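Good morning, colleagues. Please look at the sequence and the model before I continue.

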Amino acid sequence: MEGDIPIELQQKIDALERRNKLLEEGLHQAERLRQMCDQSAQELKATKALLIHQGEVLEARVQERTQLLLAAQEDLVRKEKLALLGQVADTVGHELRNPLGVMNNAVYFLQAVLADADASVKEYLGIIKDEIAEAERIVSDLLDAVRTKPPQPEDVTLAGLLQQTLRKCNVPPSITVHLDIPTTLPAIRVDPAQMHQVFWNLITNGVEAMPQGGTLDIQAHEDPVDKTVTVCIKDNGGGIAPEHLGKLFQPLFTTKVRRVGLGLVVVKNLTQANGGRVGVENMPGKGCAFTVTLLTAADS
Ligand SMILES: Nc1ncnc2c1ncn2[C@@H]1O[C@H](COP(=O)(O)OP(=O)(O)O)[C@@H](O)[C@H]1O
Ligand SMILES: [Mg+2]
């Protein structure tokens, strides 16, 4: 019959169609496999990124914990040193105060009776007096560093307090002091003798940081919201080496030859005992500024 396809041909066509179908299925599966492959690659990439991120988070956490541990260890060392100093200070400090007092009186007496002595005698008596004062200061620092006496607060003006401190400081002529305390500042409520010691230590450190001379800026400003007054004592000496910053307030840390490294411990202890806080802004090579923030008197 016309149009009839011979049987062998029909069988070939069927076979080809089956193969074609199989091929199409194969292609389809290949496409699905490719898609799965793409998806897996993306998931792998995301997992890798997550792993890297988690690794970084972990690393940061380890670093943070290490810092905390180091800080805790340093704090422990500081406390151990203070405890040890406490024992030494109690015995040696008190024992030294008496002979120093007696020596001071003796020099005072000699200066009075030798009023007509020649210049070199007077000079040596002056040296002895200065060195006794220095020794007394070290003993006071030692005692204050380990045992902070409870403050006896009074309402005082910052300007008055700083002027009084400056009069006691040994500022060489090569150093210019700019004292800029606004007269409008409210009174502060602190133990004047203790804060005097704080400012004395900071001014002396500033002076000692500028052996070739320089400028010491002493400024103050009020924060009416916090009800605080901040004093800033800034020098233009060499600043503090970054690796020393963490040790500043540790007892016995000093970079000076004839010093004991108790000044800043006293500064911190006495300021905190008076309800204040100490800050430091370091400008390596250009100087540094110490700030002391204190509470204003209640009725100012
Ligand atoms: N104004 C400053 N400029 C540079 N370094 C300073 C300053 N103040 C303090 N320091 C550093 O801090 C150390 C500790 O100071 P301090 O506790 O007063 O002890 P001391 O003056 O006896 O060394 C100093 O030896 C010095 O290295
Ligand atoms: Mg000092």
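This is a predicted model: local features need pLDDT of at least 70, side-chain atom pairs count only at pLDDT 80 or more; totals for chains, interfaces and linings use all residues.

Let me begin with a question: in which helix do Arg34 and Asp38 both lie, and how many residues apart are they? Both belong to helix 1, and they are 4 residues apart, which is about one turn of the helix. In the model, Arg34 and Asp38 form a salt bridge, with 3.1 Å between the closest N and O atoms. In general, side chains of opposite charge can pair when their charged atoms come close. Across the whole structure, the search finds 7 salt bridges.

I turn now to the domains. The domain assignment divides the chain into domain 1, residues 1-147, and domain 2, residues 154-295. Their C-alpha centres are 29 Å apart.

What do the two domains share? In contact with each other are 14 residues of domain 1 and 16 residues of domain 2. The area buried between domain 1 and domain 2 is about 1400 Å², and 55% of that area is on carbon and sulfur atoms.

Between domain 1 and domain 2 there is 1 salt bridge. Arg259 and Glu134 form a salt bridge whose closest N and O atoms are 3.1 Å apart.

Which elements give two or more residues to the side of domain 1 that touches domain 2? They are helix 1, spanning 7-113, and helix 2, spanning 119-146. Helix 2 provides the largest share of that side, with 9 residues. By residue class, the side of domain 1 that touches domain 2 has 8 charged, 5 nonpolar and 1 polar.

Finally, I come to the ligand. How many residues surround ligand 1? The number is 20, and the closest are Asn205, Thr254, Thr255, Lys256 and Leu264.

For Thr254, an N or O atom of the side chain is 2.5 Å from an oxygen atom of ligand 1. For Asn205, a polar side-chain atom lies 2.8 Å from an oxygen atom of ligand 1. Gly263 contributes through its backbone, where a polar atom is 3.3 Å from an oxygen atom of ligand 1.

That concludes my presentation, and I thank you for your attention.

Note on methods: Residues are numbered from 1 along each chain as its sequence is written. Chains are lettered from A and ligands numbered from 1 in the order in which they are written. Side-chain values use heavy atoms; hydrogens and water are left out. Domain bounds come from an automatic or database domain assignment. Contact means heavy atoms within 4.5 Å. Buried area is the accessible area (1.4 Å probe) that two parts lose on being put together, summed over both. A salt bridge is a side-chain nitrogen of Lys or Arg within 4 Å of a carboxyl oxygen of Asp or Glu. Ala, Val, Leu, Ile, Met, Phe, Trp, Tyr, Cys and Pro count as nonpolar, Asp, Glu, Lys and Arg as charged, and the others, Gly among them, as polar. A residue is near a molecule or strand if one of its heavy atoms lies within 4 Å of it. A polar contact is a pair of N or O atoms within 3.5 Å; within protein, one must be able to donate a hydrogen and the other to accept it, and residues adjacent in sequence count only if both atoms are side-chain atoms.
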